[in-house]
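Let's take a friendly walk through this structure, one region at a time. Have the sequence and the 3D view at hand.

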Amino acid sequence: MIAPLPEDARPLAGLLVVDFSQFLSGPLCGLKLADLGARVIKIERPGTGDLCRHLYISPADVDGDNTLFHAINRNKESFVADLRDETDCTRLRNLLARADVMIQNFRPGVIDRRGFGYEDVRKINPRLVYGSITGYGEMGPWRDLPGQDLLAQARAGLLWLTGSRDDPPIPMGLAVADMLAGHTLATGILAALVGRSLRGEGCHVSTSLLEVLIDFQFEVLTTYFNDGEHLPQRAAVGGAHAYLNAPYGVYETSDGYLAIAMTPSLKHLGELLDIENLPDNPPFTKRDELKAILAKKIRTRTTEQWLKILQAADIWCAEVRDWPSLLRSHAFKELDFLQTITRAKPDGDDVTLTSLRAPIRINDQVLKSTTAAPLLGEHTAAITSQFSLDQEPDRENATTTPARSI
C-alpha cells in the first residue's frame, strides 16, 4: 500500500469552502478541493437535501442515499438551510464572511434572486473566490435551458463525433460534461486563490457544461477551422478518432477486442499480421478500405495472441477490458486506488463503503479519506456553534488566519 498524506499536511488544509451546489458538477468540484485538504461545508435544503441523494442510477441504496451521492460527497459536512428563510440566510451570510470559496450551480439568475449572487457575496467578503457552473453560460439563447449532461453532449457535437460511420449518435458512457465542468472549475478556483495571495482580492470564476465540452474538442476543432471547415468523416470500421488514419481504431478479435493506436508504418504492421502489400504511408482516402482489411485478419486470432505479436514489435496496442478485468489486474492493484469510507452512526452501527481515492500523489503519498458522505444536516448545529452564526461576525478579521496566506 502507498502511504496516505495526512489531511493536515495537504495543500489546502485550513481552507473553508461553502458549497451550495447539487447533483454532480458542482459537488465534484467540492470533492476535488476536499481531497486536497479543504474543509467543504455542503449547504442543503431542509427535508430533501441535495436532490442527488435520491437520483438513483442503480438500485443500490446505502443508508438511505444512493451510491452516486456517496461517491461525490465523501469527506464533506452537511449544513441545512432554507434560502427563503431570513434566519437561515443570515447564518449563511455570516458563514460566507469567514469562507475562502463558494460554489454554486443554479441556473442563471436563480441564486441572485435569493441574495447570494456574486455581487451580493462580494460585499460580505471581498476576498472570497466565487465559483459558478451553468449549463450554457450566463448569456445567449440557451442560458435558461436545463443544464443536463446528455443534453449538453448532444448540443456540443460530442454525440455526432463519436462512433463509426454507420452508428447513430453515441453518448459517452458517463456524465462527461458534469465531470469536466467540476474539474475545470476546481482548476479555476485554485488559480484564483493564487491570484488572491498576490493581489488580496477574490473573484468570480465561472464555466459551463457547453464550454468544457467545446474545449474538450479543441484539438479536432482547431483542425476543422484550419482545414477549410471540412467536416471529418467517422471511420467505417472501428471508429475511434475521425481525423486519424489507419490503423487507429478498435478491432474485434476471435475472443474480444483489440485497440491499435500507433505503428512505425502500416506496411510493418501488415507484415506482422501476415497481410501482403499494405502501403507504407497510405493517403487518408484509403483509411476505410485498409481498416476493413486489418479487421478481417484480426478476427482470426485471440486478443492475447495478437498482443504477444504486436507488443514485441513495439506496436502501440491494448486489450479492451471491462471493470472486473481491470480491477483484477496487477497494474490496478499497484496504484492502491481503493479506499474504505465510513459513515459514523449515533447508534454505533456504522456504514462502510468502498470508494476510489483522488488520482493525485503528493511527495509519493496518496490522497485518501475515510469519511463517507454526511447525513442530511448532520453538522448544522456544530457549525452554527463553532462559527457563532447567530451573531454578527467580525468582518475585519473574518477571512484571515495566521496559518493561511492564500
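## A buried histidine

With a relative accessible area of 19%, His241 counts as buried, because the cut-off for buried is under 20%. Please keep in mind that this is a predicted model.

His241 sits in the loop between helix H10 (218–225) and strand S9 (249–252). Leaving aside residues up to four places away in sequence, His241 touches Glu219, Val220, Tyr248 and Arg287.

## The six-stranded sheet

Six strands form an open sheet with parallel pairing, in the order S5-S2-S1-S6-S7-S8. Strand S5 (77–80) and strand S8 (204–208) are the edge strands, each pairing on one side only. From one strand to the next, the twist averages 20 degrees.

Looking inside the sheet, strand S1 (residues 16–19) and strand S2 (residues 39–44) run parallel and are joined by four bridges. Val18 has Ile41 in S2 as its bridge partner. Helix H8 (residues 176–199) lies across strand S6 (101–104), strand S7 (129–134) and S8, running at about 160 degrees to S7.

## Salt bridges

The model has 19 salt bridges. One of them pairs Arg74 with Asp35, with the closest N and O atoms 2.7 Å apart. This pair links distant parts of the chain, 39 residues apart: Arg74 is in the loop between helix H2 (67–73) and S5, and Asp35 is in helix H1 (residues 25–35). Both Arg74 and Asp35 are buried.

Arg53 and Asp65 also form a salt bridge, at 2.9 Å from N to O. Arg53 lies in the loop between S2 and strand S3 (61–62) and Asp65 in strand S4 (residues 65–66), so the pair ties together parts 12 residues apart in sequence. A network of salt bridges links Glu44, Arg53, Asp63, Asp65, Arg343 and Lys345.

Definitions and conventions: Residues numbered from 1 in each chain as written. Predicted model: local features only at pLDDT ≥ 70, side-chain atom pairs only at ≥ 80, totals over all residues. Heavy atoms only, no water. Pairing = 2+ DSSP bridges. Helix = DSSP H or I, 4+ residues; strand = E, 2+ residues; numbered from the N terminus. Axes fitted to C-alpha atoms, helices over the stretch in contact; angles between N-to-C directions. Contact = heavy atoms within 4.5 Å. Buried < 20%, exposed > 50% of the residue type's maximum accessible area, 1.4 Å probe, protein only. Salt bridge = Lys/Arg side-chain N within 4 Å of Asp/Glu carboxyl O.
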